[in-house]
Amino acid sequence: IDHCCSCGEKTETYFKLPFRYTDDVSEDNYIQHIGLCRNCGFIYTKNPFTLKQLESKYKSQSKYEFDSKNYNLGLDKAYVHRCKRQKFFIEDLIGDDFKSMLEIGAASGYNLSQYSNKNVCGIEPSKLNCFLAKEKYNIYMYNGLFSEYVAENTGDHFDLIFLSHTLE
């Protein structure tokens with residue numbers, strides 16, 4: 001992307017960031033090009049991953065499944081704090097009287113487990129995360145991408161749809 005996504009000015013590559021751990025995403029030598037618009041100050045990735053590369057990444061890798069036998073997301077204090085803060089935010093704004101919730105990009109299912117009195121469902125591209133959510137929290141998660149879920153489940157309705165840290 002050679003022009004600023006915000007104001008349209010031509011930009012230069014300001015910084016190059018080599019990636020590690022991109023096994024299924026791209027070549028081992030992927031270097032992210034960071035663009036800086038001198039006109040408006042917008043900072044962005046000039047060479048983002050393609051949709052196919054992102055799909056491959058999220059279906060085969062997740063930061064929540066690196067140790068499926070021993071890793072308990074509930075022990076990660078920062079993550080637990082974020083989930084509780086998000087739940088408080090939701091309940092403070094809309095209350096607790098909703099009956100169903102869909103989480104897009106549900107990771108391990110831990111966040112959904114905080115709503116055990118609701119009808120919850122998650123959408124998660126990682127097959128292992130879906131398995132772990134069922135095993136650890138008894139939560140059903142659709143294994144796939146949001147677009148796949150919508151195509152297969154046209155009649156589903158939820159009172160609340162939640163996503164956090166999922167937009168690329």
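How many bridges pair strand β4 with strand β5, and in which sense? The legends below start there.

**View 1. The β4–β5 pair and its sheet.** Strand β4 (residues 100-104) and strand β5 (residues 119-124) pair in the parallel sense, over five bridges. Strands here are DSSP runs of E with at least two residues, helices are runs of H or I with at least four, and both are numbered from the N terminus; two strands count as paired if DSSP finds at least two bridges between them. In this pair, Ile104 stands opposite Ile123 in β5. Zoom out and you get an open sheet of four strands, in the order β6-β5-β4-β7 with parallel pairing. At the edges sit β6 (141-143) and β7, each pairing on one side only. From one strand to the next, the twist averages 20 degrees.

This is a predicted model, where local features need pLDDT of at least 70 and side-chain atom pairs count only at pLDDT 80 or more, while totals for chains, interfaces and linings use all residues. Numbering runs from 1 along each chain as its sequence is written, and side-chain values use heavy atoms, with hydrogens and water left out.

**View 2. Helix α2 and its two sides.** α2 (residues 77-94) has 18 residues and reaches 26 Å from its first C-alpha to its last, close to the expected 26 Å (1.5 Å times one less than the number of residues). Tyr79, Val80, Cys83, Gln86 and Ile90 are buried (buried is under 20% relative accessible area, exposed over 50%, partly exposed in between, with a 1.4 Å probe and protein chains only). Down the axis of α2, these buried residues fall within an arc of 130 degrees, so they line one face of the helix; the arc uses directions from the helix axis to the C-beta atoms. They pack against α3 (110-113) and β7 (160-163), with contact meaning heavy atoms within 4.5 Å. Turned away from the buried side are exposed residues including Lys77, His81, Lys84 and Phe88. Gly95 follows α2, with a positive phi near 85 degrees.

**View 3. Asn143 in strand β6.** Asn143 is found in β6 and is partly exposed, at 34% relative accessible area. Leaving aside neighbours within four places in sequence, Asn143 is in contact with Glu124, Pro125, Ser126, Lys127 and Cys130. A polar atom of the Asn143 side chain lies 3.3 Å from the backbone oxygen of Glu124. What about Ile123? Asn143 and Ile123 are 20 residues apart in sequence, yet 6.3 Å apart in space, C-alpha to C-alpha.

Key:
Axes are lines fitted to C-alpha atoms, for helices over the stretch in contact, and angles run from 0 to 180 degrees between N-to-C directions. A polar contact is a pair of N or O atoms within 3.5 Å; within protein, one must be able to donate a hydrogen and the other to accept it, and residues adjacent in sequence count only if both atoms are side-chain atoms.
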